[in-house]
Amino acid sequence: MRELFRRQPRFTVEPQGEDSPVVPDDLWVKCPRCRELTYSREFERELRVCPRCNHHFRLTAAQRIAMLTDPGSFVEWDAGLEAADPLGFAAGGESYPDKVATAKRKSGAREALITGSARLDGRPFALAVAEFGFMGASMGSVFGEKLVRAIERAIEQELPLVTVSSSGGARMQESPFSLMQMAKTTAALARLGEARLPHIAVLVDPCYGGVTASYTTVADVIIAEPGAMIGFAGPRVIEQITRQKLPEGFQTAEFLLEHGMIDLIAPRRTLRAKIATLLDHYALARRQPARRTAGAAASAQEAPDA
Amino acid sequence: MPETLSAWERVLLARNPARPHTQDYVADLISGFVELHGDRRFGDDPALLGGIGTFRGRAVVVVGHRKGSNTQENLTHNFGMPRPEGYRKALRLMQHAEKFGMPLIAFVDTPGAEPGIGSEERGQAVAIAENLLALASLRVPTVAVVIGEGGSGGALAISVADRILMLENAIYAVASPEACAAILWKDATKAPEAAATMRVTAADLYGFGIVDEVIPEPVPAHEQPTQTIQRVGDAIERHLSELEAMVQDGDAGLDALLAARYQKYRRIGRWVEETDPTRHPNGPVPSHTAD
Ligand SMILES: [Zn+2]
């Protein structure tokens with residue numbers, strides 16, 4: 001897996017805001033949390049996790065896909081979808097199309113969600129990965145439509161679904177359309193559930209707003225990366241409104257685990273294997289006689305010894 | 001209402017404390033209303049009102065955000081901002097509706113779900129998400145009416161429905177104009193500008209095909225509360241009757257109702273699509289024109 005990770009073509013260290021590794025030269029990466037320097041080759045080998053303090057740096061969608069799929073197995077779906085400007089939105093002299101153009105140039109992605117089919121050590125599955133570098137992975141029409149199409153294809157092809165999500169919140173430039181994607185994506189998941197196909201949601205730093213309050217948290221298994229900040233409302237908003245000091249570790253993955261909101265925390269180096277194990281269990285269950293469908297339940301009653 | 005009202009003027013009307021609230025609609029439209037309390041998990045949320053009663057000849061379940069008409073009431077009811085236990089109470093009542101075949105009527109009037117420490121600890125996000133999931137496949141007719149503020153996910157969590165109606169001066173948006181202005185204009189005083197740009201009005205949402213009907217307010221609702229409430233009641237009855245006709249033959253009708261509900265949300269969105277089939281391993285996707 002480490003080898004795969006290195007094989008990603010555009011895998012250069014680029015500063016992307018405060019969480020991005022600072023690279024004094026090409027050889028060392030400075031951790032923003034513990035301030036320690038790590039040799040960049042070691043940093044990549046550790047899947048961009050600080051070996052000193054376990055800080056999980058943010059990954060691009062491309063890096064995440066490389067980490068979770070077999071080389072060459074990822075086939076992208078619906079890559080041609082791009083944001084429209086349904087409201088004719090502009091704020092502070094910048095139009096929404098301008099903003100989208102900037103996001104495309106900066107992130108190299110065409111929208112905030114990349115979907116496709118792939119294999120994980122041979123196991124076929126459907127994958128949807130949010131690109132935080134594209135407008136904070138806010139959920140607009142394209143995000144919602146691509147996710148719903150991916151879910152519908154997963155149902156058609158009987159594939160389990162893995163989503164990797166992070167989001168800064170709503171796509172305000174598509175206000176009502178953005179809001180309705182919460183309903184639209186969750187409704188599609190209701191159908192995935194009826195087809196008894198599993199949805200494994202991986203929440204990575206940071207994950208807030210509509211994405212947390214819709215398709216991610218109704219998953220069959222919710223996994224978070226260590227230290228990831230996850231919540232509905234952002235910490236600053238809560239602090240401002242309540243004028244209360246936030247508890248230690250508030251909204252971290254560890255905090256959510258303690259409060260029963262997620263199933264498990266998986267350090268990045270264990271994530272791939274953890275998902276593979278889960279997929280195996282669900283694949284096995286699909287072949288088991290106890291698997292309940294409306295028809296199966298009726299015929300089981302007729303032939304109890306079968 | 002004169003068409004010349006600005007989006008911001010409608011925002012202020014939607015928030016007018018004298019405007020009829022959920023409890024007023026329940027009092028006038030629902031006979032024998034029995035309020036049902038609590039989520040059976042943690043507590044009873046006074047920001048979310050729910051119960052059963054009779055609406056023009058049929059037993060129904062009603063849920064709605066509960067705002068106050070003055071500061072004291074608003075403090076009691078948390079300004080209509082539910083906590084997770086409010087959404088879980090609503091979920092319990094939705095399941096109640098399904099169990100007994102009672103249509104669900106939802107009155108939407110909230111600035112949003114409460115942002116707070118306890119709300120986060122008890123899973124505000126998952127409480128909303130679970131309602132979205134339940135409403136997507138609830139096997140009874142559902143009608144939601146936005147009577148005031150439709151604030152983001154906190155509003156959506158009870159308003160995914162077969163029919164969404166909006167009063168003319170109600171608003172529905174992904175964030176408050178103030179929050180949008182603070183984030184995108186870096187200046188909360190630009191809220192009026194944000195309201196116009198975000199297209200928050202009933203006419204906007206109807207134009208986008210998200211809302212099924214705009215209920216007129218010849219004068220603002222708070223100036224004629226009784227007439228407004230009856231007009232809303234008439235609209236609910238008309239839509240409920242149509243939906244009830246669909247499900248008359250039982251399961252097949254309910255399947256059709258749910259399929260239509262899925263398509264209603266499935267269609268919402270606007271995008272542009274490059275339709276070069278070589279880029280699409282699964283073949284060309286039909287070109288899409290949403291609503
Ligand atoms: Zn470190």
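Residues are numbered from 1 along each chain as its sequence is written, and chains are lettered from A and ligands numbered from 1 in the order in which they are written. In this predicted model, local features need pLDDT of at least 70 and side-chain atom pairs count only at pLDDT 80 or more, while totals for chains, interfaces and linings use all residues; side-chain values use heavy atoms, with hydrogens and water left out.

At the interface, 67 residues of chain A are in contact with 52 residues of chain B, contact meaning heavy atoms within 4.5 Å. The size of an interface is often given as the accessible area lost when the parts come together. Chains A and B bury about 5100 Å² between them, with 70% of this on carbon and sulfur atoms; buried area is the accessible area (1.4 Å probe) that two parts lose on being put together, summed over both. On the side of chain A, the residues losing the most area to chain B are M172(A), M180(A) and F232(A), which together account for 13% of what that side buries.

Polar interactions also cross this interface. The rule finds 17 residue pairs in polar contact between the two chains, both residues being at pLDDT 80 or more. A polar contact is a pair of N or O atoms within 3.5 Å; within protein, one must be able to donate a hydrogen and the other to accept it, and residues adjacent in sequence count only if both atoms are side-chain atoms.

Four salt bridges are counted between chains A and B, a salt bridge being a side-chain nitrogen of Lys or Arg within 4 Å of a carboxyl oxygen of Asp or Glu. R149(A) and E273(B) meet through their side chains in a salt bridge (3.0 Å, N to O). Strand pairing, which requires at least two DSSP bridges between two strands, also links the chains: β4(A) and β9(B) (residues 271-273) pair in the antiparallel sense over three bridges. Within β9(B), V272(B) is the bridge partner of E82(A).

Chain A contains an open sheet of seven strands in the order β3-β7-β8-β9-β10-β11-β12, with mixed pairing. Its edge strands, β3 and β12 (264-265), each pair on one side only. Strands β9(A) (residues 161-167) and β10(A) (residues 199-207) pair in the parallel sense over six bridges, and L161(A) stands opposite H199(A) in β10(A). Strand β10 of chain A also holds P206(A), which a cis peptide bond joins to D205(A), with omega about -15°.

The side chains of R171(A) and E111(A) meet in a salt bridge (3.0 Å, N to O). R171(A) lies in the loop between β9 and α6 of chain A and E111(A) in the loop between α4 (96-107) and β7, so the pair ties together parts that are 60 residues apart in sequence.

Definitions and conventions
Helices (H or I, at least four residues) and strands (E, at least two) are DSSP runs, numbered from the N terminus.
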